[in-house]
Amino acid sequence: METARAPMSGRKAQAARNDDLIREAARAVFTADPGAPISAVAEHAGVGISALYRRYKSKEDLLQKLADEGMDRYLAEVEAALDDDGDPWEAFAAFMRRCLDIGAGSLTMRLAGTFEVTEAMGRKGREIHVTTQRLLERTRESGGLRPEIEVGDVSVILEYLHGIRIGDDERMNRLQHRYLALILDAMNLADRHELPGPPPSWQELVTRYDD
């Protein structure tokens with residue numbers, strides 16, 4: 001019988017909250033600018049720089065942890081898709097939508113070349129490649145996926161979609177899903193769906209170039 005976990009003390013609970021704030025802030029800051037200083041993360045999180053350094057000894061250490069966490073999240077989504085016993089195409093399409101919503105893969109790609117890749121991360125990367133390949137093969141065998149689609153295509157598509165920065169977070173998410181729906185139609189051999197949300201307005205497009 002599983003025993004209930006004892007609640008964390010006030011100090012430990014606050015430390016856990018700070019760690020969540022730091023990681024969330026770091027994802028936002030470094031996705032926008034991989035070259036940003038680590039002090040920008042502390043400022044965005046609303047914690048002192050000393051609180052950050054107690055958890056991460058350097059910017060590279062924080063980047064490694066973020067990238068590794070991103071790989072774990074992506075791998076969990078691939079495995080969930082493979083465990084889905086429903087229609088293979090629908091499982092794949094749902095996997096792509098979940099990856100888009102949680103930002104899986106975006107930060108790792110954005111941070112490429114800014115930190116040393118450990119051996120453990122290299123092994124995890126190979127596991128991700130093999131597992132994604134299994135998902136694509138299953139979807140292809142069902143007749144739902146173009147035969148040319150490979151693992152690299154999935155990475156590039158997600159990177160492209162995560163790069164869309166128009167409007168506030170809600171508007172940006174709707175546009176990302178709009179273009180994912182277009183891409184999924186192109187990847188799929190038969191199914192067609194109505195695109196989610198309207199296209200960008202002229203005002204939304206031109207305001208990106210305002211100072």
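Predicted model: local features only at pLDDT ≥ 70, side-chain atom pairs only at ≥ 80, totals over all residues.
Residues are numbered from 1 along each chain as its sequence is written, and side-chain values use heavy atoms, with hydrogens and water left out.

The axes of α4 and helix α7 (residues 119–141) lie 10 Å apart, and the two helices pack at an angle of about 25°; an axis is a line fitted to C-alpha atoms over the stretch in contact, and angles run from 0 to 180 degrees between N-to-C directions. The angle makes α4 roughly parallel to α7, under a scheme that takes angles under 35 degrees as roughly parallel, over 145 as roughly antiparallel, 65 to 115 as roughly perpendicular and the rest as oblique. Where the helices meet, with contact taken as heavy atoms within 4.5 Å, the α4 side includes Met71, Tyr74, Leu75, Val78 and Leu82, and the α7 side includes Met121, Ile128, Leu135 and Arg138.

## Crossing of α1 and α4

Helix α1 (residues 10–32) and α4 cross at roughly 95°, and their axes come within 11 Å. The angle makes α1 roughly perpendicular to α4. From α1, the residues Arg23, Ala26, Arg27 and Phe30 meet Lys59, Leu62, Leu63, Lys65, Leu66, Glu69 and Arg73 of α4.

## Aromatic cluster

Rings of Phe, Tyr and Trp (its six-membered ring) pair if their centres lie within 6.5 Å, with planes under 30 degrees apart counted as stacked, over 60 as edge-to-face and the rest as tilted. By this rule there are three aromatic pairs. In one of them, the ring centres of Tyr74 and Phe95 are 5.7 Å apart and the planes stand at 75°, so the pair is edge-to-face. Because Tyr74 belongs to helix α4 (residues 59–83) and Phe95 to helix α5 (residues 88–102), this pair ties together parts that are 21 residues apart in sequence.

Phe92 and Phe95 form a tilted pair, with 6.1 Å from centre to centre and 40° between the planes. These two phenylalanines are three residues apart in helix α5, which means that about one helical turn separates Phe92 from Phe95. Tyr74 and Phe95 are both buried, as is Phe92; buried stands for under 20% relative accessible area, exposed for over 50% and partly exposed for the range in between (1.4 Å probe, protein chains only). Together, Tyr74, Trp89, Phe92 and Phe95 form one aromatic cluster.

## The chain as a whole

The chain has 10 helices and zero strands, where helices (H or I, at least four residues) and strands (E, at least two) are DSSP runs numbered from the N terminus. Of its 211 residues, 37% are buried. Among contacts between residues at least 6 apart in sequence, 65% join residues at least 24 apart.

## Annotated span and Ala51

An unreviewed UniProt entry carries the annotation "DNA-binding region" for residues 37–56; such positions are given in the numbering used here, feature names are shortened, and annotations may be inferred rather than shown by experiment. In the model, residues 37–56 are 75% helix and 0% strand, and the end C-alpha atoms of the span lie 14 Å apart.

Ala51 is found in helix α3 (residues 49–55). With a relative accessible area of 6%, Ala51 is buried, and its C-alpha atom is separated by 8.8 Å from that of Asp19, which is 32 residues away along the chain.

## Two further positions

Ile149 sits in the loop between α7 and α8 (151–162) and, at 11% relative accessibility, counts as buried. Leaving aside residues up to four places away in sequence, Ile149 touches Leu136, Arg140 and Met187. The C-alpha atoms of Ile149 and Glu137 are 9.5 Å apart in space, the two residues being 12 apart in sequence.

Glu90, in helix α5, is partly exposed, with a relative accessible area of 33%. Its C-alpha atom is separated by 8.9 Å from that of Gly144, although Glu90 and Gly144 are 54 residues apart along the chain.
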